[in-house]
Amino acid sequence: FIQAGKLLLNDGTQRKDTAYIKYGENHLKTAEALGLLYELTRTYFVSCIGIIYLKLNDEDRKSLNVRLFLRNKFIARLIKATASANVDARQFLYMLSDSTYIRRKSNIKCILRYLQDSTEYDFSEIFQKIYFS
């Protein structure tokens, strides 16, 4: 996590190892959840999708992002739940402390906005049913 954090936060500012660990861990686990990386014995490797991802043009990358976000277990469960009712995202993240939920909420909203901005699909009905308490 330290190595990834240092690679990703390479802006000339020196930070404590704990900052690099947290930043690296968050980004590696997110990339893994999207299928861009995989983990084997606490080491992360670029997946086949990750290798191709970097070679795509912007339009194809945006199209792939939509599919990768929809494959994410949390996003898929959230969307599926809207088929029968309005959904509070907090109930899907019941195991998180309030402070962690507040930090993650903006990331989830960002992914949902990205999907909503997609010109391939109309997610408006689905996202009208999702709220954040």
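**Cysteines, then the rest**

Reply: Cys110 counts as partly exposed, at 44% relative accessibility; the scale is buried under 20% relative accessible area, exposed over 50%, partly exposed in between, with a 1.4 Å probe and protein chains only. This is a predicted model, where local features need pLDDT of at least 70, side-chain atom pairs count only at pLDDT 80 or more, and totals for chains, interfaces and linings use all residues. Residues are numbered from 1 along each chain as its sequence is written, and side-chain values use heavy atoms, with hydrogens and water left out.

Me: And Cys48, buried or exposed?

Reply: Cys48 is exposed, with a relative accessible area of 65%.

Me: OK, overall layout. How many helices and strands?

Reply: The protein chain has eight helices and four strands. Both are DSSP runs numbered from the N terminus: helices are H or I with at least four residues, strands are E with at least two. From the N terminus on, the order is α-α-β-β-α-α-α-β-α-α-α-β.

Me: What box do the C-alpha atoms fill?

Reply: Roughly 45 × 35 × 30 Å, taken along the principal axes.

Me: How much of the chain is buried?

Reply: Of its 133 residues, 32% count as buried. The accessible surface comes to about 9,400 Å², and 54% of that belongs to carbon and sulfur atoms. Those areas come from the Shrake-Rupley method with a 1.4 Å probe, and for residues only the protein chains shown count as cover.

Me: What about contacts across the sequence?

Reply: Take the contacts between residues at least 6 apart in sequence: 40% of them join residues at least 24 apart. Contact here means heavy atoms within 4.5 Å.

Me: How many positive and negative side chains?

Reply: There are 21 positive and 14 negative side chains, and the centres of the two sets lie 6 Å apart. Lys and Arg count as positive, Asp and Glu as negative, while His and the chain ends are not counted. Each charge is placed at NZ of Lys, CZ of Arg, CG of Asp or CD of Glu.

Me: Switching to the loop between strand 1 and strand 2. What is phi for Thr41?

Reply: Phi of Thr41 is near 50 degrees, a positive value in a residue other than glycine. Thr41 sits in the loop between strand 1 (37-40) and strand 2 (43-46). Arg42 lies in that loop between strand 1 and strand 2 too, and its phi is near 65 degrees, again positive in a residue other than glycine.

Me: Why point those out?

Reply: Because most residues other than glycine have a negative phi.

Me: Something buried next. Where is Thr82 found?

Reply: In the loop between helix 5 (73-81) and strand 3 (87-88). Thr82 counts as buried because its relative accessibility is 4%.

Me: What does Thr82 contact?

Reply: Beyond neighbours within four places in sequence, Thr82 is in contact with Val87, Ile126, Lys129 and Ile130.

Me: Now the loop between helix 7 and helix 8. Is Ser118 buried or exposed?

Reply: Ser118, found in that loop, counts as buried at 13% relative accessibility. Not counting residues up to four places away in sequence, Ser118 touches Val66 and Phe123.

Me: And Asp122?

Reply: Asp122 is in the loop between helix 7 (98-116) and helix 8 (124-127). Asp122 is exposed, with a relative accessible area of 65%.

Me: Which side chain does the side chain of Asp122 make a polar contact with?

Reply: That of Ser124, at 2.7 Å. A polar contact is a pair of N or O atoms within 3.5 Å; within protein, one must be able to donate a hydrogen and the other to accept it, and residues adjacent in sequence count only if both atoms are side-chain atoms.
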